[in-house]
Amino acid sequence: MTDSSLSPSPTTQPFARSILDNIARVLVGKEGVSGLALAGVLAGGHVLLEDAPGTGKTMLARALAVSLGLTFTRVQFTPDLLPGDVTGVSVYRPASGTFEFVPGPIFTGVLLADEINRATPKTQSALLEAMGEGQVTESGVTHTLEQPFVVIATQNPIENEGTYRLPEAQLDRFLLRLSVGYPTLEEEVRMLARLQGQHPIHTLESVAAPADLLAARREVQAVHVSEDLRRYMASLAARTRTHSAVALGGGPRASLALQGVAQALAWMEERGYVTPDDVQRAAPGVLAHRLSLRIEARLQGLPAEEVVREVLRSEPVPVESDHSQPEAVGAQ
Amino acid sequence: MSWRAYGLALLPLAAAGWLPWWATALLCVLFGLAVRWPRWEEGRLLLSLLVVGGAAVALAPAALAQGRAALVGLALHYLALFFVVIALNWSANRITDGLRRSRGALFVPLLIGLLAPQPGLLLALAGGLLAVPGRDERMGRRPEQPTPRVWWVAGAALAALLLFSVLLPRQAVNWGALGGPTPPPATAPLPPPNQTVPPDLGQTPSVPNSPGLALPFQFTIDNVFLPIDAILLGGLLLLVAGGGLLFRLRREEGRKPRLIEMLMVAGLLLTGAVWLAAGVLLSGGDGGGSGAAQTMGPGAGNALGELLSNITGRRQIDVSGFLQALLWLSLALLFALAAALFWLNFTQPREKESDEKALDGLEDAAPVSTQPALHRVRLAYRQAEELLRQHGRGRLAAETPAGYAARLTALDAVLAGPLDTLTRAYGPVRYGGRVTDEDAAQAEAAAHELAVVLPDLPPPHDPSEDSDPSEGAPDSLSTKENP
């Protein structure tokens, strides 16, 4: 891999640039969260969007799906939603005297699980196998999902009435948890101007094909991660486990997720290697939702993101003067 | 600084069989100091030469009392020590610079230890292995798992070699006669009762006739000569140049030379002086030559030949040519060293005092231009980071290079250019990409620019200091600067 290290500024990889530009047509001023969401998809993961209603969670998911040229299905999760409503059911055909599997909405490219915390834990858990292994088992028969398969779930952190908190195992399946956030005043003004007529989501066209995404994922996996940075990422995850405010920290899957997202972020900037900045940028989204805070910390209103930031501030970055250093230099 | 790096302090133990115990201990301390402080690392070679020169001088009175042959033996021994120390320093440099095959540098102490076997060799090798930095990850992917069998075989061979080095029967030089260390009792059997050390070592070899490894050959030396005038001239030039260096330090730096600088110059001067004496002794001259080539006198030549033959065996092998070449090489080195010092003293462009102070840490940047670009960039970054730290702009431990550069740029816009260049070059090197010679040159130039700019900048002013310290203050660890 050749790299001109002294290029004028970090550039965005053309594929990623076209996706982000397309999303920006419907979501004003949210390039940061869009980039992280795209990184999550490029790393082969699923994304949980958590924010107040009306901040653009669903729009981001739809725009991402359309831009990537993936089939898109939206399921509104409600308390009466059954697992079969998502995965599919076997229907008895009297004519043939056999059961026939009718695929559910999960057989798609992008599944938008809207307000996922409104469904019962049983239905939420129906997603576990699909998200973890890319398959659905019904009546003892395993059905493989199409690839790429991405779950983008949304949930509202404010309302607790009639919701079921996602179990830890389910949360761990999401590579990233992101918050879209409110736009600034200027952004909101621009949004009003842009969305005055027909909503651009209806005219949004795909700028990539599923095969492009699969190819990009392969390239992301080849992005180099130095031994020092691997150790750094593992240390970050380990530090969440020993933090005084944390009852249950990030496991090895968190380290893997951190590496994957950092690789994707590096790839999106056309770099063949991961830097500590990639790791630090990915860490809050990757780690925060995997932490189970102690009751005292919850009562104090300490957000998990703050714990992650604290961990980032306390873990030394592998740079020159650390003298873990010298993994040294070889000949050219 | 990783504690593993201090393993390098054990490396001189490989030469414990060559040196008095106190000189070995001094070298160990010196190598340890060089790990801790870069300035001592710069002076390690000259200070090592000072130690071995001191050892030779300390042994000289005993040798002098025993006659000319003992002096010749000591001179020969010093020449060997000179190269041993250079080789040890090369090995230490090779290990610490972390080049890909840095472990290969351990063959040098292994060889040195095998030539004069003693158990300290094991510690030296262990220390060297400990100090070898981690593997290079920036050179791209390499096979994840090397063939285990190869490593097992290599490990077994190394262990066998080490065992052999410890158990090797040895025919020791008469250290007692030279005033040096006594060989370990387990491997140095006492001479037979009917054999005594000859009283006049001026006529007989300064080696005991104790039993040992009898090799089927012996060395002889015939005509070895060297122009005494040239030796004297070279030594004189070296002394003048060394003195000039001290003078320059005092006059142009406007300060008293540091202890380490004085020790380095002392090492240089002592090396010149001992080389001079050794050259005169080995060329058989009496120090009062008329300028014509001196031929080694039969007495000294025979004594040296006998000395060597008693060490190593029976068959006659004439090493006159080798020794002659060695002496000429030494003379050439002497002149080269003197010339380098003169060049340093009189022809190097002189800059403003403030610039020189700022560039203090970068004085050694020139020699590294021959090194791989990757190494040059890392060195430039390390030096720049050290300079910034010295000027109150140290990197926080949890700060990334890009974040560090952004913070400093926000404080001093003048740093933006060089920091940006340096950071962009450093990222690929440290974390896995590639870098070209051009990039390395730009990084070095950026580090140089920083060194020039920094002394003129006011002390950093952190805007957060104006506000309430308890407000938004990062946690205690976050403000800790990297050591």
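**Loops, a helix pair and a buried alanine**

Reader: Where is the place of A:E270?

Author: A:E270 sits in the loop between α10 (252–268) and α11 of chain A. Helices (H or I, at least four residues) and strands (E, at least two) are DSSP runs, numbered from the N terminus. This is a predicted model, in which local features need pLDDT of at least 70 and side-chain atom pairs count only at pLDDT 80 or more, while totals for chains, interfaces and linings use all residues. Residues are numbered from 1 along each chain as its sequence is written, with chains lettered from A and ligands numbered from 1 in the order in which they are written.

Reader: What is the phi of A:E270?

Author: Positive, about 60°, although A:E270 is not a glycine. A:E270 is partly exposed, with 16 other C-beta atoms within 10 Å. The cut-offs: 20 or more other C-beta atoms within 10 Å of a residue's own is buried, 12 or fewer is exposed, and in between is partly exposed, with C-beta atoms placed from the backbone.

Reader: And what about phi at A:E115?

Author: Near 50°, again a positive value in a residue other than glycine. A:E115 lies in the loop between β5 (110–114) and α5 (121–133) of chain A, and counts as partly exposed with 19 C-beta neighbours inside 10 Å.

Reader: Which residues does the cis peptide bond join?

Author: A:Q147 and A:P148, with omega about 0°. A:P148 is in the loop between β7 (141–144) and β8 (150–155) of chain A.

Reader: Helices now. At what angle do α9 and α11 of chain A pack?

Author: About 30°, with the axes of α9 (residues 227–242) and α11 (residues 276–287) 11 Å apart. Axes are lines fitted to C-alpha atoms, for helices over the stretch in contact, and angles run from 0 to 180 degrees between N-to-C directions.

Reader: Which residues make the contact?

Author: From α9(A), A:L229, A:Y232, A:M233, A:L236 and A:T240; from α11(A), A:P276, A:V279, A:A283 and A:L287. Contact is when C-beta atoms, placed from the backbone, lie within 7 Å.

Reader: Over to chain B. Is B:A14 buried or exposed?

Author: Buried, with 34 other C-beta atoms within 10 Å. B:A14 is in the segment before α1 (21–36) of chain B.

Reader: What is B:A14 in contact with?

Author: Leaving aside neighbours within four places in sequence, B:P109, B:I112, B:G113, B:G120, B:L121 and B:A124. The C-alpha atoms of B:A14 and B:L125 are separated by 7.6 Å, though the two are 111 residues apart along the chain.

How values were computed. Contact = placed C-beta atoms within 7 Å.
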